[in-house]
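Colleague: I am new to this structure. Please take me through some of its details.

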Amino acid sequence: MEDRIDIVRMYNQLQFQSEKEEIRACNDVASQFGLVLTENDINELIGSRVLACKNIGRIEFGNGILPQMIYAFCDSPYLDQDNYVNTLVQLQEAFYYYKSEAEERFTDEEIVDFMVRTFHGRAQGSLEYLIETSLADLCRYARCGSEEDKDEKEGDFF
Amino acid sequence: MKQYENAISVSKEYTDASNQQIVMEKLWDLLKWQVRKYNGIDSTSLPIEKVQSLLESLLYTIYLVADIDNIPIDLIFQKNLQDVIRRGQTILEEKHKAARENRKLMCLKALKIRNVYYYETLKNIGQFFKKYDIYSAAHQIPCSIEYPLCYPISEKIKGITYIEEYICRIQIENDFLECFDQKQIIRLYESSIPDYEEMLFNLCDPVLTNVIGLAMIRQEVRTLNITEEQRNTIISTGCNKTAEEIESWIKDSISFACVILNIQATDEIAYLRNASRGLSIRLREAIKQEDLSHIFISLLPNERISPADFI
């Protein structure tokens, strides 16, 4: 690996600025629901995204999943300013983890859409249920398929 | 494709230079462009292994253009890299087409000697042309190639360049073996590799070795048979020779054999010389031991060949 160009280093140097700008712009919409990210929050979220991608072994080429995630979750009745950043950190980490776990079978939009629907539906705002139960089931479904008659959790998928 | 052998490390050296940032930005933009084409609107991220593979494919294509269009590496990074990639893909399409035709010729002129690995590999190369992806995996060889060449290709050679070279080398080996009576070739295999139809070995190798042995003592190379007396002559002639002298003796013998066999193409002669590189060390050791029986093979008489001979 020593002879290779370090893609992650390339990425880190060039990506942050436009990513920050796009997350900052999300405040315009999220603030209408009482949710605002400070510069420190943005740095923390980007830092945790970089770490999540590094640990999972993914490279982000766009401006990350956060803007999409913020627009999708900002109207959630389960979010308030106190748990906003922490929830985004966990959602973002879960997104990248399950994106890889599902072996690229779902698009970004499909996963985010699934997360929103489950979080507001069956999970009733429980991150633990969403991440450890529903997303894990979704990945198993993606990899192995499901037995339609027997799978009681099918409601999460469709 | 010599330049590509060091593609990734050279790029790193280049990015260590004063214009490091510019090259990195250009490569990163190129990679983003390629990822967008690969992912479409489905996803903005990819597993790192896939990204590395895409980057290698891009670098392979860039270095191919540099090689074909004779552009120095440091200059090619100053060009619009998307244009370079498009030019590379055109070259790859042409190469794909030409290699496919060459593969057809190779199959039409395939040896009529049964060997599982030889025929399986010729068949498998056909898969390459179905699966090869010039857009996102140009550096890969998506088929199984097990049959070994007499003079192997460097593992650093990748993609269609490897296949082109493999087909070219197989054709040279086929042409060389065409110079001999097939029955004699099979007798040679039967005398040294009883289950030659199932064995993983190069069909050209034992023939070339015996041809060199016969040419060393200026005997008729087409017989492919080296007797005990002839082996002793080689030992007595070679015992006082230095390593360099033995090497030059082999080289000279190949030239002699090529004249006898009417092989005139310089690339074929060069290939046979390269293929025999390892022989000089083995030969020098065997001469010291005064035993060449495992290098230069005597053909067993037809009537004597039976499985019992090999027990």
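Modeller: A polar contact is a pair of N or O atoms within 3.5 Å; within protein, one must be able to donate a hydrogen and the other to accept it, and residues adjacent in sequence count only if both atoms are side-chain atoms. This is a predicted model, in which local features need pLDDT of at least 70, side-chain atom pairs count only at pLDDT 80 or more, and totals for chains, interfaces and linings use all residues. Residues are numbered from 1 along each chain as its sequence is written, chains are lettered from A and ligands numbered from 1 in the order in which they are written, and side-chain values use heavy atoms, with hydrogens and water left out.

Colleague: Which backbone nitrogen lies 3.4 Å from a polar atom of the side chain of Thr121(B)?

Modeller: Thr121(B) belongs to helix H7 of chain B, residues 116-131; helices (H or I, at least four residues) and strands (E, at least two) are DSSP runs, numbered from the N terminus. A polar atom of its side chain lies 2.8 Å from the backbone oxygen of Tyr117(B). The backbone nitrogen at 3.4 Å is that of Glu146(B).

Colleague: Is Thr121(B) buried or exposed?

Modeller: Leaving out residues up to four places away in sequence, Thr121(B) touches Ile145(B), Glu146(B), Tyr147(B) and Tyr166(B), where contact means heavy atoms within 4.5 Å. Buried means under 20% relative accessible area, exposed over 50%, and partly exposed in between (1.4 Å probe, protein chains only). Thr121(B) has a relative accessible area of 1%, so this residue is buried.

Colleague: What is the average pLDDT of chain B?

Modeller: The pLDDT is the predictor's confidence in each residue, from 0 to 100. In chain B, 90% of the residues score at least 70. The average for chain B is 89.

Colleague: How many contacts beyond near neighbours in sequence does the stretch of residues 1-10 of chain B have in the model?

Modeller: Over residues 1-10 of chain B the pLDDT is below 50. Where pLDDT is low, the predicted coordinates should not be read in detail. With that caution, the number of contacts in the model is 30.

Colleague: How many helices does chain A have?

Modeller: From the N terminus on, the elements of chain A run α-α-β-α-α-α-α-α. Its secondary structure comes to one strand and seven helices.

Colleague: What percentage of the residues in chain A are buried?

Modeller: Chain A has 158 residues. One of them, Tyr71(A) in helix H3, counts as partly exposed because its relative accessibility is 41%. The buried share of chain A is 46%.
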